[in-house]
There are 2 protein chains.
Amino acid sequence: MRPKLTLKQIAKELDVSISTVSKSLRDSPEIGEDTRQKVQAFAKLYNYKPNNIALSLKNRKTKTIGVVIPEIVHHFFTTVISGIEHVANEKGYSVIVCLSDNSFDKEVLNMEMLANGSIDGFILSVAKETMQKGDYHHLIEVVNQGMPLVLFDRSVEEVPSDKVIIDDVKGAKKAVQCLIDKGARNIGIISTVDYISVGKLRTQGYTEALVENGFEVNEKNILKIENMDQVEQEISAFAESGDFDALFAVNEHFAAAAVRAVRDKGQKVPDDVQVIGFTDGELSKRFIPSLTTISQHGSRMGEEAARLLIEKLEKSPNEEESYKTIIVETGLIERESTK
Amino acid sequence: MRPKLTLKQIAKELDVSISTVSKSLRDSPEIGEDTRQKVQAFAKLYNYKPNNIALSLKNRKTKTIGVVIPEIVHHFFTTVISGIEHVANEKGYSVIVCLSDNSFDKEVLNMEMLANGSIDGFILSVAKETMQKGDYHHLIEVVNQGMPLVLFDRSVEEVPSDKVIIDDVKGAKKAVQCLIDKGARNIGIISTVDYISVGKLRTQGYTEALVENGFEVNEKNILKIENMDQVEQEISAFAESGDFDALFAVNEHFAAAAVRAVRDKGQKVPDDVQVIGFTDGELSKRFIPSLTTISQHGSRMGEEAARLLIEKLEKSPNEEESYKTIIVETGLIERESTK
DNA sequence: GTGAAAGCGCTAACAT
DNA sequence: ATGTTAGCGCTTTCAC
């Protein structure tokens, strides 16, 4: 077992001072040609690589980005991470991923841990529980300490920071408009409870689209799923409860469950009931029928978030503060679950 | 903007020495009761937290685990990460995730980056390209430097390290046996090319199961998918090519595609053709028909890997070296795609 | 009971 | 052209 080489050891080995070694390796003009050659050759031979931790301590920056997300077993977040990774690596940054499990406490804990020098800045999507509590101290605290923060997807107005979001209202309108254009007249929405901002906004988009098309909004056509353990049952009951010719689901699981509920009811998708989802994942693509969906472009969001963060990290500290919000356009992907 | 507090500042503020502050905070008995109280109160008030980087440098350990995986947009890896995260956090470790994108070069680069002091040990699943090349220098190098490494899923014999794998052969046999028990007589397998060890092993399991049951093995019933861009077409052609009454797919995408191919051919799942997959993801669960599958217990694998790594990290360095291989049992989850 | 000093690995201003 | 020194934030040994 051969432990990692340090400058000190090289210096001893070559019988020069540590700083000579350091300068040689960084091609400082102060150093004589021959010494430089010698040192570089030695370093190369033994595959010297500077210690990141020491560099971090010295430079007061770690070149790593902390990502905190509610859950990873979720295709959307996964694509976001992938987007973040790509631009981060491109610019020489590492990514450290923490999961909040949608818990407020874990979110706080993770952030504290990372904020103590481990990272240069945050990219974060707020935990469900945090939104519920409406307590954003930890986020505000972090920006007060001068650590850049980019919020994405589940973002909150109360925190002064860069943001990358989609236009949920517009996306939902797009979905509903699509259904109306395809002849739907009695459209149900399967959404989440209102404290999840995306659920709320998508419901709003649904309502607006109906109104703009001169349709009535019927509260009975709006399902807000509370308990994630009973998604199937709730959706089944909902489908039974009304005479829908189209259903708009705010995520792909709900959409899949909706298709199943329609089937169970003895109706056909898309002939009797059209279904449209939100978030374009594997499930939507592979499902039979494959699901028409509003795509969120997760990896685009990740890329934008990373770019925004790195931009902030690398600008001179005395530039004036300003926060951007990037709205990533949603797309409509038509597949088999609509006519 | 209020930057992070350091020991130095506390010392100045309280007009004591840095070491007094340090000791007070760590409840050293050397320090007088009153000073200790004073320091601790101050630290608490201003929410002092020690700098991780400085601690890492001092202790020569980072309390973080590096995870390198081929891709994240893949439910299995996602569940593994989630498993790793949970036990890591429990034991006070952070997790830093890097993607190799199945590229040899990116795998090497990522590992070099992480190995330079950023982490205490690796959990890794080998990139496709790396397996293809059969070049494991970077892995061996890392263990030679004394950095613990745990390989999971796509593991390689050539590297002396702990391993967490599933018994692919046995899992595949379980799948095929299930099909045979349910009356299948002409079973096709949809696999990957042989340099992907899991593809090879699962194909082997398939063959063994057939032989053990007194069936003939027909090369024409074995599809090895080469080009991931043409999965659908290849599977369609394969389904058309034979008169199968059951198909065993080595992952869930292939299984979903198989169902579709069967449908396109005008046959029914499971009545005419039964289908069974490998890896239990969202897709299998939500698909219609939902897919019978061999489950890999990704999060169990992640947990085991993390436990193995942390165990090694925390044992005294002079204990004798020994490598464990943990085989996580596969399970059979019966759903609608089999009779 | 408190503080000074060394050291983790590295860089850079400042000697020589 | 090379070396010495200080310092990033922290712990710990050793003096006082």
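Predicted model: local features only at pLDDT ≥ 70, side-chain atom pairs only at ≥ 80, totals over all residues.

Colleague: How many nonpolar, polar and charged residues does the contact of helix 5 with helix 14 of chain A have?

Modeller: The crossing of these two helices of chain A is right-handed, where right-handed means that the near helix is turned clockwise from the far one by less than a right angle, and left-handed anticlockwise. Contact means heavy atoms within 4.5 Å, and the residues involved include A:Phe76, A:Val80 and A:Val87 of helix 5 with A:Met301, A:Glu303 and A:Arg307 of helix 14 of chain A. Ala, Val, Leu, Ile, Met, Phe, Trp, Tyr, Cys and Pro count as nonpolar, Asp, Glu, Lys and Arg as charged, and the others, Gly among them, as polar. By these classes, the contact of helix 5 with helix 14 of chain A has 8 nonpolar, 5 polar and 2 charged residues.

Colleague: How is helix 4 of chain A oriented to helix 4 of chain B?

Modeller: Residues are numbered from 1 along each chain as its sequence is written, chains are lettered from A and ligands numbered from 1 in the order in which they are written, and side-chain values use heavy atoms, with hydrogens and water left out. The axes of helix 4 (residues 52–59) of chain A and helix 4 (residues 52–59) of chain B come within 9 Å and cross at roughly 140 degrees. That angle makes helix 4 of chain A, relative to helix 4 of chain B, oblique.

Colleague: Which residues of helix 4 of chain B make that contact?

Modeller: Helix 4 of chain A passes helix 4 of chain B in a left-handed crossing. The contact pairs A:Ile53, A:Ala54, A:Ser56 and A:Leu57 of helix 4 of chain A with, from helix 4 of chain B, B:Ile53, B:Ala54, B:Ser56 and B:Leu57.

Colleague: How far apart are the centres of domain 1 and domain 2 of chain A?

Modeller: The domain assignment, which is automatic or from a database, gives domain 1 of chain A as 7–50, domain 2 as 63–165 + 298–329 and domain 3 as 168–295. Taken over C-alpha atoms, the separation between the centres of domain 1 and domain 2 of chain A is 39 Å.

Colleague: What is omega for the peptide bond from A:Ile288 to A:Pro289?

Modeller: Most residues other than glycine have a negative phi, and most peptide bonds are trans. A:Pro289 sits in the loop between helix 13 (282–286) and strand 10 (292–295) of chain A, with helices (H or I, at least four residues) and strands (E, at least two) being DSSP runs numbered from the N terminus. The bond from A:Ile288 to A:Pro289 is cis, with omega near -5 degrees.

Note on methods: Axes fitted to C-alpha atoms, helices over the stretch in contact; angles between N-to-C directions. Parallel < 35°, antiparallel > 145°, perpendicular 65-115°, else oblique.
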